[in-house]
Amino acid sequence: MSELDLVWLACFIDCEGCIGIYPHKGKYLECILTAGNTDPVLANRSLEILRQLAGEDAKSVRLLIKPTGKKPFYEVRVTKQRCLRRILAAIIPHLCGDKKAKAELMLSTLEQHQPQTPWSKVEVN
């Protein structure tokens with residue numbers, strides 16, 4: 001994994017991505033990293049880099065193809081906590097503005113929470 005790959009991915013996420021923490025069923029938090037575009041080359045490149053960063057969890061990084069209007073929309077999606085930790089730690093230095101702040105918040109939240117355990121009411125709120 002080159003530094004250029006990390007910078008490319010961070011730029012793609014800055015421009016085309018979403019980093020979010022959402023309440024789910026009132027007692028869970030769902031952490032999601034998505035990025036998408038109508039250009040399959042960009043989506044596949046981001047998928048390749050994300051899967052390299054995910055390591056043994058590479059299969060959990062998914063590419064969704066959504067039919068919209070004239071061109072399909074290609075979206076990469078990461079929800080597995082262990083993958084998100086690795087990916088965010090690698091790209092945060094290259095993110096800027098709002099996405100950097102959201103990535104730092106998500107990483108901090110994930111580092112404070114043990115995987116495979118329910119989120120506490122404090123964490124959800």
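**Entry 1**

I started with Trp 8 and Phe 12, which both lie in helix H1, 4 residues apart, about one turn of the helix. Helices (H or I, at least four residues) and strands (E, at least two) are DSSP runs, numbered from the N terminus. I noted that this is a predicted model, where local features need pLDDT of at least 70, side-chain atom pairs count only at pLDDT 80 or more, and totals for chains, interfaces and linings use all residues. Residues are numbered from 1 along each chain as its sequence is written, and side-chain values use heavy atoms, with hydrogens and water left out.

How many aromatic pairs are there? I found 1 aromatic pair, counting rings of Phe, Tyr and Trp (its six-membered ring) with centres within 6.5 Å; planes under 30 degrees apart are stacked, over 60 edge-to-face and the rest tilted. Trp 8 and Phe 12 are stacked, at 5.4 Å centre to centre with 15° between the planes.

**Entry 2: the sheet**

Next I followed the strands. An open sheet is formed by 4 strands in the order E1-E2-E4-E3, with antiparallel pairing; two strands pair if DSSP finds at least two bridges between them. Which strands stand at the edges? They are E1 (17–24) and E3 (62–68), each with a single partner strand, so one side of each has no neighbour in the sheet. From one strand to the next, the twist averages 30°.

I then checked the pairs. E2 (residues 28–37) and E4 (residues 71–78) pair in the antiparallel sense over 5 bridges, and Asn 37 stands opposite Tyr 74 in E4. Helix H1 (residues 3–16) packs on the sheet and touches E1 and E2, and its direction makes about 100° with that of E2. Contact here means heavy atoms within 4.5 Å, while axes are lines fitted to C-alpha atoms, for helices over the stretch in contact, and angles run from 0 to 180 degrees between N-to-C directions.

The bridge partner of Leu 33 in E4 is Val 78. E3 and E4 run antiparallel and are joined by 7 bridges, and Pro 67 stands opposite Pro 72 in E4. Their hairpin has 2 residues between the strands, and Gly 69 takes a positive phi near 50° there.

**Entry 3: helix against helix**

The axes of H2 (residues 40–54) and H3 (residues 81–91) come within 8 Å and cross at roughly 110°. That makes H2 roughly perpendicular to H3; the cut-offs are under 35 degrees for roughly parallel, over 145 for roughly antiparallel, 65 to 115 for roughly perpendicular, and oblique for the rest. Leu 50, Leu 53 and Ala 54 in H2 meet Cys 83, Arg 86, Ile 87 and Ala 90 in H3.

At what angle do H3 and H4 cross? The axes of H3 and H4 (residues 97–112) cross at roughly 135° and come within 10 Å. H3 and H4 are therefore oblique to each other. I listed some of the residues that make this contact, including Leu 84 and Leu 88 of H3 and Met 106 and Leu 110 of H4.
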